[in-house]
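Reader: I've got a few "how do you know that" questions about this one. Could you walk me through how the labels are assigned?

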Amino acid sequence: MTLLPAADHHVPDAMDKRVVLVLGGLVLGAAVALAAGRVRAQGLTPSVPAPRWEQDCEQAHGVDEARAIAKARGEGGWELVALDDGVMCFKRPVPAPPKPADPWPGY
């Protein structure tokens, strides 16, 4: 004789347990965030502009020439970012524009 659960009795399965765990985690996380008193998204500060870059590539025909190119470019503030089949690509930050001179105070 096999005993079966009554028709109105629900037997939890693995999926139900996972749903309960996920929902419980969400509720717990929200409660902790509210208790901390600070919930906000953080983004880029608008006052800090994204860096701008100059790029340049140059063909090297051998190790000695590549070494000389890399040395000269490094001394100029360039950074090697790619090397493919002898083509060396460099980048460096775009120099900031000069600040305008203070206007005449107009005594």
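Author: A residue is buried under 20% relative accessible area, exposed over 50% and partly exposed in between, using a 1.4 Å probe and protein chains only. On that scale, both Glu-75 and Lys-71 come out as exposed. This is a predicted model, where local features need pLDDT of at least 70 and side-chain atom pairs count only at pLDDT 80 or more, while totals for chains, interfaces and linings use all residues. Residues are numbered from 1 along each chain as its sequence is written, and side-chain values use heavy atoms, with hydrogens and water left out.

Reader: What makes Glu-75 and Lys-71 a salt bridge?

Author: The term needs a side-chain nitrogen of Lys or Arg within 4 Å of a carboxyl oxygen of Asp or Glu. For Glu-75 and Lys-71 the closest N and O atoms are 3.7 Å apart, so the pair qualifies. These two residues are 4 residues apart in helix H2, which puts about one helical turn between them. Helices (H or I, at least four residues) and strands (E, at least two) are DSSP runs, numbered from the N terminus.

Reader: What does the salt bridge between Glu-58 and Arg-73 tie together?

Author: The closest N and O atoms of Glu-58 and Arg-73 are 2.8 Å apart. Glu-58 lies in strand E1 and Arg-73 in helix H2, so the pair ties together parts 15 residues apart in sequence. Glu-58 is partly exposed at 28%, whereas Arg-73, at 15%, is buried. Asp-56 joins Glu-58 and Arg-73 in a network of salt bridges. The search of the whole structure turns up 5 salt bridges.

Reader: How do you know that a disulfide joins Cys-57 to Cys-89?

Author: A disulfide is a pair of cysteine sulfur atoms within 2.5 Å. Here the S to S distance is 2.1 Å, so the pair passes. The link connects distant parts of the chain, from Cys-57 in strand E1 (residues 53-59) to Cys-89 in strand E3 (residues 87-93), 32 residues apart. With 110 degrees about the S-S bond, this link is right-handed. Cys-89 sits at 18%, so it counts as buried, but Cys-57, at 43%, is partly exposed.

Reader: Why does H1 lie largely in the open?

Author: Of its 23 residues, the number buried is 0, so helix H1 lies largely in the open.

Reader: What span should the 13 residues of helix H2 have?

Author: The expected span is 1.5 Å times one less than the number of residues. For helix H2 (residues 63-75) that gives 18 Å, and the end C-alpha atoms are 18 Å apart, which agrees. Just after H2, Gly-77 takes a positive phi of about 90 degrees.

Reader: Which residues make up the largest nonpolar core?

Author: There are 5: Ala-60, Ile-69, Trp-78, Met-88 and Phe-90. The term means a set of buried Ala, Val, Leu, Ile, Met, Phe, Trp, Tyr and Cys residues joined through side-chain atoms within 4.5 Å.
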